[in-house]
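I am opening a notebook page on how the pieces of this chain pack against one another. My entries follow the order in which I looked things up.

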Amino acid sequence: MAPKLYINPISPPARAVLMCANVLGVELKLVNVNLLHADNLKEEYWKKNPQCTVPLLEEEDGFILPDSHAIMAYLVAQYGKNDSLYPKNDNRQRAIIDHRLHFDSSVLFNRGLCISKPLMLFGEEPSEEREPSEEKQRNLREAYQILDKIIEQSGTKFIAGNTITLADFSIFASLITFHIFFPCSDFPYIIAYVERFKKLPCFEINKEGLEIFSQLCSDAFKKRRK
C-alpha cells in the first residue's frame, strides 16, 4: 500500500516532497489538509503531528514522519533505486546537500514564511499584523543575496552540483513561491537557476499550488488596499 502524504498544494515543503517522489517514481496516497480552515490544528491531525505542519508522511504500519527535508531523505533511503539524490558514500557531496537543506529550513523558507503566513491566515480585514514589516522584507532579501552568492561561487547548474539533489526540491519550491509576493528579479544567478529547473519534468507538480497561492496573494493584497 502506498504511503500517505498529508499535504496542501500551496505549501512549498509539500511540493518539494511531491517533486522528490515523482523523480524517485514513488507512489503516494495524497491526503489534503486545508490550512486555511485550520485542519492542521484539529485534534486528529495534532495527535499525528504535534508540529501541526504539512507535509506529513504516514506508512501503513503506523510510522509517521513530519518535515519535508526528513521525509525526502527517508524516501530516497526506503524507496530509491539509487542514491543520486542524496549520496550515501560521498561525504562531502552529502554535506553540501545537508547545508543547502538547512539553509532552506532555517533561513530561506523561514524568512519567506514570516511574510506569507500572516498574509494568508491572519483574518480577512487589513491589519498591521498582516503587513510585512520592512525588517521581514529585508531579511528575505538578505536570504536571496546569500543564495545568489552561493550559486555564483559553486559554478554548478543546480544547488548542490551539476545534477539535481534533494536540496533543489526544497530551495526551488521556496523560491518559486516567495517570488510571487517578493520577486527575486534582482538576483541573476537565482533567476538563471530557476529557469534551468523549470525545464525539468518535475516542475509541473508545482503549477497547481502556485496558481492557488498566487490567487490567495492577489486577494490578500486587494484587501490591504481597501
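**Entry 1, helices α1 and α3.** I began with the contact between two helices in this predicted model, where P13, A16, V17, C20, A21 and L24 of α1 meet S68, I71, M72, L75 and V76 of α3. Sorting these residues by class, I found 10 nonpolar, 1 polar and no charged. I then looked up the geometry, and helix α1 (residues 12–24) packs with helix α3 (residues 68–79) at an angle of about 10 degrees, their axes being 9 Å apart. Because an angle under 35 degrees counts as roughly parallel, I noted α1 and α3 as roughly parallel to each other.

I checked the UniProt record, an unreviewed entry, and it places the feature "domain: GST N-terminal" at residues 1–83. In the model, this span is 37% helix and 17% strand, and the C-alpha atoms at its ends lie 23 Å apart. The domain assignment, which I looked up separately, gives domain 1 as 4–79 and domain 2 as 91–225. How far apart do the C-alpha centres of domain 1 and domain 2 lie? I noted 19 Å for that distance, and I also noted that 17 residues of domain 1 are in contact with 25 residues of domain 2.

Next I turned to helix α5 (residues 134–154), whose axis comes within 13 Å of the axis of α6 and crosses it at roughly 135 degrees. That angle makes α5 oblique to α6, and the crossing is left-handed. The residues that meet are L140, Y144 and L147 in α5 and I171, L175 and F178 in α6.

Are α6 and α7 roughly parallel or roughly perpendicular to each other? I looked up the packing of helix α6 (residues 166–178) with helix α7 (residues 188–198), and the angle is about 110 degrees, with the axes 11 Å apart. The range of 65 to 115 degrees counts as roughly perpendicular, so α6 and α7 are roughly perpendicular to each other. Their crossing is left-handed. On the α6 side the contact is made by D168, F169, I171, F172, L175 and I176, and on the α7 side by I190, Y193, V194, F197 and K198. I divided these residues into 9 nonpolar, no polar and 2 charged.

Methods
Residues are numbered from 1 along each chain as its sequence is written. This is a predicted model: local features need pLDDT of at least 70, side-chain atom pairs count only at pLDDT 80 or more; totals for chains, interfaces and linings use all residues. Side-chain values use heavy atoms; hydrogens and water are left out. UniProt positions are given in the numbering used here, feature names are shortened, and annotations may be inferred rather than shown by experiment. Helices (H or I, at least four residues) and strands (E, at least two) are DSSP runs, numbered from the N terminus. Axes are lines fitted to C-alpha atoms, for helices over the stretch in contact, and angles run from 0 to 180 degrees between N-to-C directions. Angles under 35 degrees count as roughly parallel, over 145 as roughly antiparallel, 65 to 115 as roughly perpendicular and the rest as oblique. A crossing is left-handed if the near helix is turned anticlockwise from the far one by less than a right angle, and right-handed if clockwise. Contact means heavy atoms within 4.5 Å. Ala, Val, Leu, Ile, Met, Phe, Trp, Tyr, Cys and Pro count as nonpolar, Asp, Glu, Lys and Arg as charged, and the others, Gly among them, as polar. Domain bounds come from an automatic or database domain assignment.
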